[in-house]
Amino acid sequence: MINLPYEPDVAFGVHPDLGVAAAVTDDQPQLGEVLRRHHFRYSHDLDVYLLPDGIGHNPAVRTVAAATRELQDAGHTVAADPRIMLPPPVPTAHGVAARTTQPGQSLTALTGELHDLRRSADVADALEQILDEHHGAVGDLEEFIDTAAAWCERLDTPGGRELSQHLRTIAHHVAFLGDQLTDAQLDLSVMPDVTPKDAPPLADAPLPARNTVPSVTHTARARAAVAPSPKRPEVLPAAPEEAPCSTAAPPSPRRTR
């Protein structure tokens with residue numbers, strides 16, 4: 001558990017062998033009832049509350065967050081070890097170094113940040129976090145789908161192999177989406193544009209319908225392409241014309257992660 005200069009009513013921490021644990025003050029028995037409602041069970045041997053064996057990382061984090069909200073809404077003080085947010089390492093083949101675990105990037109938080117940004121370059125920085133080669137959401141999604149495809153292959157059945165190929169096709173489209181987002185991120189990074197002070201709040205701006213694809217003018221692309229930027233070479237090769245998207249895409253080109 002964590003060491004604090006004060007004693008909170010509830011403290012969440014990480015036990016090295018048993019996972020997420022919660023300790024409560026002795027003079028407030030109602031705290032244990034709150035934890036039990038969130039599936040914690042009391043361990044008499046350790047005098048702490050533990051989550052069920054085998055619970056996954058994401059469900060454990062959501063459980064701690066939900067219990068924390070309920071406790072704080074009732075006026076109780078809560079402390080949590082930030083290591084709770086660290087996911088376990090992804091298993092790798094023998095001889096392959098495991099990826100360094102870091103807290104997951106929240107798309108919800110990044111979307112919320114967009115509402116406070118005014119400069120194109122700041123939006124580009126936010127988008128770059130999604131595209132990060134090692135910890136970005138796009139690459140993580142591609143790896144997740146590829147891993148799910150490998151799981152289907154292990155069924156060693158016609159249905160499993162067919163579903164595996166379908167998932168790898170989806171992973172290919174995710175990789176293509178990442179390339180398209182990278183182009184957009186580069187365009188944003190060289191745009192000098194700033195939203196005017198009297199611009200309406202982003203929450204009031206109408207969003208395009210999901211079944212329509214807004215067009216990007218050649219003027220906007222050309223202006224972004226020739227604008228100087230420290231993040232982008234001054235001279236870039238002309239982009240080839242995009243080929244029509246095939247419905248039978250080849251397996252996903254795995255990025256180096």
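Visitor: Which residues does T68 touch, not counting residues up to four places away in sequence?
Guide: In this predicted model, T68 has contacts of this kind once residues up to four places away in sequence are set aside. The residues that T68 then touches are F12 and V78.

Visitor: Is T68 buried or exposed?
Guide: T68 lies in helix α2, which spans residues 57–73. Its relative accessibility is 15%, and a residue under 20% counts as buried. T68 is therefore classed as buried.

Visitor: Which backbone oxygen does the side chain of T68 reach?
Guide: The side chain of T68 comes to 2.7 Å from a backbone oxygen. That oxygen belongs to V64.

Visitor: How are α4 and α6 oriented to each other, roughly parallel or roughly antiparallel?
Guide: Helix α4 covers residues 120–131 and helix α6 covers residues 158–190. Their axes come within 8 Å and cross at roughly 155°, and the crossing is left-handed. Angles over 145 degrees count as roughly antiparallel. The two helices are therefore roughly antiparallel.

Visitor: How many residues of the contact of α4 with α6 are nonpolar?
Guide: On the α4 side, the residues include V123, L127 and E128, and those they meet in α6 include L181, Q185 and L188. The residues of this contact comprise five polar, one charged and, as the nonpolar group, eight.

Visitor: How far apart in space are A175 and E143, C-alpha to C-alpha?
Guide: A175 is part of helix α6 and is buried, with a relative accessible area of 5%. In sequence, A175 and E143 are 32 residues apart. In space, their C-alpha to C-alpha distance is 9.9 Å.

Methods:
Residues numbered from 1 in each chain as written. Predicted model: local features only at pLDDT ≥ 70, side-chain atom pairs only at ≥ 80, totals over all residues. Heavy atoms only, no water. Axes fitted to C-alpha atoms, helices over the stretch in contact; angles between N-to-C directions. Helix = DSSP H or I, 4+ residues; strand = E, 2+ residues; numbered from the N terminus. Parallel < 35°, antiparallel > 145°, perpendicular 65-115°, else oblique. Left-handed = near helix turned anticlockwise from the far one by under 90°. Contact = heavy atoms within 4.5 Å. Nonpolar A, V, L, I, M, F, W, Y, C, P; charged D, E, K, R; others polar. Buried < 20%, exposed > 50% of the residue type's maximum accessible area, 1.4 Å probe, protein only. Polar contact = N/O pair within 3.5 Å; in protein donor to acceptor, adjacent residues only side chain to side chain.
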